[in-house]
Amino acid sequence: RDTGAREQPWLPSQGWRRLPHHLQGDELWAKIRNEARRDAEQEGALASFLHSSILAHNSLNRSLAVLLANKLSSQTLPSTQLMRLITEAQEDDPDIMESAIADLQAVYERDPACERYTTCLLYYKGFQALQCYRVAHWLWKKGRKSLAILLQSRVSETMQVDVHPGAQIGRGVLIDHATGVVIGETAVVGDNVSMLHHVTLGGSGTGTGTRHPHVDHGVLLGAGVCVLGPVLVGAGSKVGAGSVVVTDLPCHCVAVGVPARIIRQNCPREPS
Amino acid sequence: RDTGAREQPWLPSQGWRRLPHHLQGDELWAKIRNEARRDAEQEGALASFLHSSILAHNSLNRSLAVLLANKLSSQTLPSTQLMRLITEAQEDDPDIMESAIADLQAVYERDPACERYTTCLLYYKGFQALQCYRVAHWLWKKGRKSLAILLQSRVSETMQVDVHPGAQIGRGVLIDHATGVVIGETAVVGDNVSMLHHVTLGGSGTGTGTRHPHVDHGVLLGAGVCVLGPVLVGAGSKVGAGSVVVTDLPCHCVAVGVPARIIRQNCPREPS
Amino acid sequence: RDTGAREQPWLPSQGWRRLPHHLQGDELWAKIRNEARRDAEQEGALASFLHSSILAHNSLNRSLAVLLANKLSSQTLPSTQLMRLITEAQEDDPDIMESAIADLQAVYERDPACERYTTCLLYYKGFQALQCYRVAHWLWKKGRKSLAILLQSRVSETMQVDVHPGAQIGRGVLIDHATGVVIGETAVVGDNVSMLHHVTLGGSGTGTGTRHPHVDHGVLLGAGVCVLGPVLVGAGSKVGAGSVVVTDLPCHCVAVGVPARIIRQNCPREPS
């Protein structure tokens, strides 16, 4: 490991991996139920909501499906139909729930305002919008594009997060506060990426093919960051709030400004 | 045309005009119905929604009125009342539907993620918010200010687009993604303008009279652009994402930065 | 007063105080009822809404509680339960309604697009979100954290304003347009502060203790301003749209840019 440390004093950012402090799916679900039980006892006003959204169910899959279906339901698509759809996606593609579990741990780990798993599961629209995207992406890959776009638009209306179902997003992703986030059709977002509200991964011009950014593992994008066009933000890099990125950024750097300039390089720790 | 080309190598940006590839209103409606029919066959989950919003109606006017009334309805103003109001506006001012048709073609033409007219009509909150503004503007001109402001606030809540009903907005306008767009009371937006999400056409200070920008024909405003005060953005110009404009910009230039500086001039093509 | 005027040509910004043109609570309520009565006569479509939200009640407290309960109600927390909760908060802490009255006057005074008190009370989501925060903050101080966070998330969904219930916010505060505003857990906002949409008072890093800004009395934060970390924005200062503040700013200055630099100092008038 020491060889070449001077040229590259950081470990390469890797994809999502279970760390010693991460919980297995069933441990996580037990913890969530315990939190919900305590809350229901302490706050009578929440008891009925906590029962119908968590305590009445025997799995995180089911609980998440109910939560998302209620958020997205409308005259256009009632919650029963949404339940069926989300359940079908969860059963067909195990990656959807494994990603949800990784995302939950990411929020708990990285957001200092999030002290409990239920806070994220029940209330964070960034987390919920990401899970809706995972269902819409599954529809998109199956060729059910019009239904995928309906989900996208419904999430944009109700949670103000506009992720194209064609985008590819990794695991352990945190979208904090989330209002105004836009992620385009050909964007790629790696594992362990964190982004704040108002982040845009946008297209440049009207070309065909890849026209959106690739944001690699472990990147942190501050509030209001715009990354535009088919550029690469290298693994483990950090872009300061309000910056506009229109060129490639290397790994493990810090960039700020309009347009963004690199102000630090070879930062050893993952910023997200 | 060649005379003076060196000084001005571009054609002046013009207002909205029907181009050879644009559809007439009835061709457009036929196309929309065909798209909806195909979708209803392929995706059973959508059949009922497509029927009630498109296939059950005999005109785009009616279909649009139903869509907007459903989006805006609340305890405050039920959808039946909204239907009556929107229909009255459409009948009293033919400009409202002509503008809607121009806007639909603009989105189809300029947004590479929009492959069908129904996608825009049914799902794009930027398009829908603009059509709601057109009704609120009609109310404003009739002196029905309190109802106009109710519509404005309802659109801001449900689509996160806050356009003052007093603003003047041309035809063939694209508001892409749309979350967070703010357009002030005395702003003027020309024909064929495109703007991304988070664009602000804001006031400077608390003066009376014109206190908001004039954005001329064919301008493109990137994500998060702020144009502040009674300044002019000249026809055919482009302002890069995240820029702040506080002074006049000439025609057919490109400006970027905080505050925006001109980095290119005499660009011949309309950027929107 | 003249001594030292050269060094400090402005009066220190003070907290909220009743000025000669400000109305007492009961005068304000009488004015609001008059506005509502006139509107109900002129615009039949609004009569029922104006009755149920203003004219049927005998106090501003009650009217505000009904308005907020209707905005926030959902399957999770029905409006009757919200009514009880808001009323309990109003009765337990008189500061909540005194602040609401100060906020109403601030909007009326500083927003040139707001010509009547009812416009703000009924329609401005920045005002309504702030009043919801005041109830959530009361819950937070009582240790009822999970219910406080539910309110926060519901306001973020329905009004796109994400204020942590732990934040401390003064009186006479204007949040204009409001979409995308984010205020973190340990932020402090003084009296008479004005901020536009997309303003972020955000954390830096993951430290414990105070990790958000202190924005002192009478500050004006333009659209999209990010203030990050435990920095101080001095009383009576103004930060231009789109700026990013990561260091302390003195009193009565003007700062702009990414990162923000001071371009004027010792400005005598409060900008908000």
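In this predicted model, B:C226 belongs to strand β10 (residues 226-228) of chain B. With a relative accessibility of 4%, B:C226 counts as buried.

**Surroundings of B:C226**

- Apart from neighbours within four places in sequence, B:C226 is in contact with B:T200, B:S243, B:V244 and B:V245, as well as with C:A223 and C:A241.
- B:C226 and B:V258 are separated by 32 residues in sequence, and their C-alpha atoms are 9.5 Å apart in space.

**Relation between the chains**

- The copies use different surfaces, as 11% of the contact residues of chain A recur in chain B.

**Interface of chain A and chain B**

- Chain A contributes 27 residues to the contact and chain B contributes 26 residues.
- About 2200 Å² is buried between chain A and chain B, with 58% of it on carbon and sulfur atoms.
- Within chain A, the residues that lose the most area to chain B are A:S146, A:E157 and A:V258, which together account for 22% of what that side buries.
- There are 2 salt bridges between chain A and chain B, and 6 residue pairs are in polar contact (both at pLDDT 80 or more).
- On the side of chain A that touches chain B, α8 (145-159) and β10 (226-228) of chain A each supply at least two residues.
- The element that gives the most to this side of chain A is α8(A), with 7 residues.
- By class, the side of chain A that touches chain B comprises 9 nonpolar, 13 polar and 5 charged residues.

- B:E43 is located in the loop between α1 (25-42) and α2 (44-55) of chain B.
- Its relative accessibility is 5%, so B:E43 counts as buried.
- When neighbours within four places in sequence are left aside, B:E43 is in contact with A:R144, A:S146 and A:L147.

**Interface of chain A and chain C**

- Here chain A provides 26 residues to the contact and chain C provides 27 residues.
- Chain A and chain C bury about 2200 Å² between them, and carbon and sulfur atoms carry 58% of it.
- A:E43, A:P112 and A:Y123 supply 22% of the area that chain A buries against chain C, more than any other three residues.
- The number of salt bridges between chain A and chain C is 2.
- In one salt bridge, the side chains of A:E43 and C:R144 meet at 2.8 Å, N to O.
- The interface of chain A and chain C also has 7 residue pairs in polar contact (both at pLDDT 80 or more).
- Four helices of chain A, α2 (44-55), α3 (60-72), α6 (117-123) and α7 (125-141), each supply at least two residues of the side that touches chain C.
- The largest share of that side, 3 residues, comes from α2(A).
- By class, the side of chain A that touches chain C has 9 nonpolar, 11 polar and 6 charged residues.

**Salt bridges**

- Side chains of opposite charge can pair when their charged atoms come close.
- The count over all chains comes to 33 salt bridges.
- The side chains of A:E88 and A:R144 form a salt bridge at 3.9 Å, N to O.
- A:E88 lies in helix α4 (residues 79-92) of chain A and A:R144 in the loop between α7 and α8 of chain A, so this pair ties together parts that are 56 residues apart in sequence.
- A:E88 counts as partly exposed at 39% relative accessibility, and A:R144 is partly exposed with a relative accessible area of 25%.
- B:K71 and A:E157 meet through their side chains in a salt bridge at 2.3 Å, N to O.
- The pair joins two chains, because B:K71 lies in helix α3 (residues 60-72) of chain B and A:E157 in helix α8 of chain A.
- B:K71 is partly exposed at 23% relative accessibility, whereas A:E157 is buried at 9%.

Methods: Residues numbered from 1 in each chain as written. Chains lettered and ligands numbered in written order. Predicted model: local features only at pLDDT ≥ 70, side-chain atom pairs only at ≥ 80, totals over all residues. Heavy atoms only, no water. Contact = heavy atoms within 4.5 Å. Buried area = accessible area lost by both parts, 1.4 Å probe. Salt bridge = Lys/Arg side-chain N within 4 Å of Asp/Glu carboxyl O. Polar contact = N/O pair within 3.5 Å; in protein donor to acceptor, adjacent residues only side chain to side chain. Nonpolar A, V, L, I, M, F, W, Y, C, P; charged D, E, K, R; others polar. Buried < 20%, exposed > 50% of the residue type's maximum accessible area, 1.4 Å probe, protein only.
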